[in-house]
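Please keep the sequence and the structure in view while reading.

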Amino acid sequence: MKLTLRSENADRDLLLISVFTFFTVTLWIFFEVLKTAKTTTVSPTTAQIVTPLSPNVDMNTIQTLEAKKAY
Amino acid sequence: MAAFNYKQEYQRYKKYYLNLVPLLQQPVSRAYTTIIFSFLAISLFGWYAIRPTMQTIFELKREIADKTDLNQKMEEKISALIEAQAVYQDIETKIPVVTDALPTTPDAIRALGQIQSLARESNVQLTSISVPIVPLVAVSTASGQKAGPTKVSDVAFTLAVTGMYPDIKNFLEGIVDLRRVTQIESMTFLLQRELSPEATQSATPTGTKLQVDLKLNIYYLST
């Protein structure tokens with residue numbers, strides 16, 4: 001009887017440990033996957049290369065500059 | 001140290017193994033054991049097998065999304081560059097105008113020459129001119145160091161001109177109208193006691209000689 005009670009307590013403790021281990025591992029996996037999904041794979045150099053470029057030139061400014069005096 | 005005798009050791013620990021058998025035959029213990037080992041097995045496989053697999057899956061998915069986005073941005077940039085090249089060819093002859101307005105070096109001597117020419121043209125006398133600090137060349141970054149973004153810097157000029165009111169007016173308008181980007185930071189007007197012959201004849205303010213102390217900022221592009 002005594003042995004049974006002690007073994008049941010030990011079983012419950014082991015169950016709790018295994019459940020906590022399971023949840024810890026699950027959460028750990030979840031956050032690692034989340035981090036992987038959120039982290040960009042594009043290098044800063046490549047990101048700089050693809051920075052949008054506006055091909056428009058303000059012709060009014062050039063015309064204004066042309067109209068100004070230069071010595 | 002005595003050698004390990006497995007027969008003797010087995011006899012010694014056998015009772016402990018055998019005690020576990022009736023315990024494991026109890027339904028509650030069997031259920032507990034099954035659940036505990038299931039959780040532990042899932043955790044173990046989760047950590048060593050599922051985690052790396054899922055990480056690889058999500059990494060690849062992210063990479064595909066990034067590369068698709070990158071491809072689109074590259075195509076947009078290529079089109080923009082082609083368009084920019086065409087625009088550049090159109091305005092290539094006008095580039096010196098922009099360089100005149102905002103040179104890449106301080107070019108203080110040329111700026112001084114321009115002010116002198118303007119003073120001569122406006123018929124005013126340039127009595128003094130001073131430049132506290134003249135960087136003869138633009139401050140460049142050390143070799144091997146990555147160049148930073150360009151910024152607009154200025155050279156400060158202090159000058160004094162003397163002349164008739166309309167000439168001074170023309171001179172100031174000329175400064176504003178200079179192609180080189182110039183900012184008048186401050187102006188101080190002083191009325192000179194010595195009057196010109198026109199002033200004695202007409203006694204109008206247009207005949208009065210003025211002295212103007214000017215503080216100018218002349219801009220250039222630096223890295």
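## Where the two chains meet

Between chain A and chain B there are 17 residue pairs in polar contact, counting pairs in which both residues have pLDDT 80 or more; pLDDT comes into the count here because this is a predicted model. Three helices of chain A, namely α1 (2-38), α2 (44-49) and α3 (59-67), each supply at least two residues of the side of chain A that touches chain B. Among these helices, α1(A) gives the largest share of that side, with 19 residues. When the side of chain A that touches chain B is sorted by class, 20 of its residues are nonpolar, 12 are polar and 8 are charged.

Taken over both partners, the contact draws 40 residues from chain A and 45 residues from chain B. The area buried between chain A and chain B comes to about 4200 Å², and carbon and sulfur atoms give 69% of this area. Between chain A and chain B there are also 2 salt bridges, and a salt bridge with an N to O distance of 3.2 Å is found where the side chains of A:Lys69 and B:Glu121 meet.

## The largest pocket

Which residues lie nearest the centre of the largest pocket? They are A:Asp11, A:Leu14, B:Leu24, B:Thr33 and B:Ile36, and they belong to a lining of 12 residues. The elements that give two or more residues to this lining are α1 of chain A and, from chain B, α1 (6-24) and α2 (27-91). Of the elements, α2(B) gives the most to the lining of the largest pocket, with 5 residues.

The volume of the largest pocket is about 200 Å³, and its lining divides by class into 8 nonpolar residues, 3 polar residues and 1 charged residue.

## The surroundings of B:Gln211

The side chain of B:Gln211 is joined to the side chain of B:Asp213 by a polar contact of 3.1 Å.

If the neighbours of B:Gln211 within four places in sequence are left aside, which residues is B:Gln211 in contact with? The residues in contact with B:Gln211 are then B:Ala160, B:Val161 and B:Thr162, together with B:Thr188, B:Phe189, B:Leu190 and B:Gln192.

Conventions:
Residues numbered from 1 in each chain as written. Chains lettered and ligands numbered in written order. Predicted model: local features only at pLDDT ≥ 70, side-chain atom pairs only at ≥ 80, totals over all residues. Heavy atoms only, no water. Contact = heavy atoms within 4.5 Å. Buried area = accessible area lost by both parts, 1.4 Å probe. Salt bridge = Lys/Arg side-chain N within 4 Å of Asp/Glu carboxyl O. Polar contact = N/O pair within 3.5 Å; in protein donor to acceptor, adjacent residues only side chain to side chain. Helix = DSSP H or I, 4+ residues; strand = E, 2+ residues; numbered from the N terminus. Nonpolar A, V, L, I, M, F, W, Y, C, P; charged D, E, K, R; others polar. 1 Å grid on protein atoms, 1.4 Å probe; cavity = no way out; pocket = protein on both sides within 12 Å on 5 of 7 lines; lining within 4 Å. Points joined across faces, edges and corners; volume = space filled by probe spheres on them.
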